[in-house]
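This report is a guided reading for someone new to the structure shown below. Please keep the sequence and the 3D view at hand while following the text.

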Amino acid sequence: MRILGLDIGTKTIGVAISDPLGWTAQGITTIRRKNYTNDMEAIKKICNEYSVETIVAGMPKNMNGTIGPSGEMVIEFCERLKEVVNIDIEFWDERLTTVAAHRAMLEADLSRSKRNKIVDKVAATYILQGYLDRISK
């Protein structure tokens, strides 16, 4: 059972995948957004390669729990994605995952340029690991 984690932004999509047992998340790539067709094809290719059964998309919420423009963009993207891949998509509250990702990379003493290249992939890993931890309980 493989689960795909996505951190969907306006410029990039961070991607993480679970191990076959669904215990751990590992960042695998960052997709540079071009247009919906290319974005969907890139994700579809990953889903086929890893035999993905579920997709977990980070839902950017405001600190008060409401969904703003970024959240609406993620919902629209996922509705379109579901038509392409025909895989269940669940949402995971991603508040502060990018902050946690930056903090972890600072603690690992990564340079700013290295952090900028992998922050979305690390955020996707945090999103997916949070989801995996919840379903394992």
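## Salt bridges

The structure holds four salt bridges, a salt bridge being a side-chain nitrogen of Lys or Arg within 4 Å of a carboxyl oxygen of Asp or Glu. Side chains of opposite charge can pair when their charged atoms come close. The model is a predicted one, in which local features need pLDDT of at least 70 and side-chain atom pairs count only at pLDDT 80 or more, while totals for chains, interfaces and linings use all residues. Residues are numbered from 1 along each chain as its sequence is written, and side-chain values use heavy atoms, with hydrogens and water left out.

One of these salt bridges joins Arg80 to Glu76, with the closest N and O atoms 3.8 Å apart. Both residues belong to helix α2, where they are four residues apart, about one turn of the helix; helices (H or I, at least four residues) and strands (E, at least two) are DSSP runs, numbered from the N terminus. Arg80 counts as partly exposed at 37% relative accessibility, and Glu76 is also partly exposed, with a relative accessible area of 41%. In this report, buried means under 20% relative accessible area, exposed means over 50%, and partly exposed lies in between (1.4 Å probe, protein chains only).

Another salt bridge brings together the side chains of Asp88 and Lys82, at 4.0 Å from N to O, and Lys82 counts as partly exposed at 37% relative accessibility. Glu90 pairs with Arg134 in a further salt bridge, whose closest N and O atoms are 3.9 Å apart. Because Glu90 lies in strand β5 and Arg134 in helix α4 (residues 112-136), this pair ties together parts that are 44 residues apart in sequence. Glu90 is partly exposed, with a relative accessible area of 30%, and Arg134 is partly exposed as well, with a relative accessible area of 43%.

## Helix α1 and its two faces

Helix α1 covers residues 36-50, and its 15 residues reach 21 Å from the first C-alpha to the last, close to the 21 Å expected at 1.5 Å a residue; the expected span is 1.5 Å times one less than the number of residues. Within α1, the residues Asp39, Met40, Ile43, Ile46 and Cys47 are buried. They cover an arc of only 125° around the axis, which puts them on the same side of α1, the arc being that of the directions from the helix axis to the C-beta atoms.

What covers these buried residues includes β1 (2-8), β2 (12-18), β3 (25-32), β4 (52-59) and α2 (69-85). The face of α1 turned away from its buried side carries the exposed residues Thr37, Lys45, Asn48 and Glu49. At the N-terminal end, Asn35 caps α1, with a side-chain oxygen 3.1 Å from the backbone nitrogen of Thr37.

## Nonpolar cores

A nonpolar core is a set of buried Ala, Val, Leu, Ile, Met, Phe, Trp, Tyr and Cys residues joined through side-chain atoms within 4.5 Å. The largest one has 23 residues, of which Leu4, Leu6, Ile8, Ile43, Ile55 and Leu81 touch the most other members. To this core β1, β2, α1, β4 and α2 each supply at least two residues, and α2 gives the most, with six residues. Apart from it lies another core, of 10 residues, among them Ala16, Ala25, Val56 and Tyr131.

Leaving out residues up to four places away in sequence, Leu81 touches Leu6, Met40, Ile43, Ile55, Asn86 and Ile89, where contact means heavy atoms within 4.5 Å.

## Positive phi in two loops

Most residues other than glycine have a negative phi, and most peptide bonds are trans. Ser51, although not a glycine, has a positive phi of about 50°, and this residue lies in the loop between α1 and β4. Asn86, likewise not a glycine, has a positive phi of about 55° and lies in the loop between α2 and β5 (88-93). At 68% relative accessibility, Asn86 counts as exposed.

## Thr12 in strand β2

Which residues are in contact with Thr12, leaving aside its neighbours within four places in sequence? They are Asp7, Thr30, Ile31, Arg32, Arg33 and Asp120. Thr12 has its place in strand β2 and is buried, with a relative accessible area of 9%.

The side chain of Thr12 makes a polar contact with the side chain of Asp120, at 2.5 Å. A polar contact is a pair of N or O atoms within 3.5 Å; within protein, one must be able to donate a hydrogen and the other to accept it, and residues adjacent in sequence count only if both atoms are side-chain atoms.
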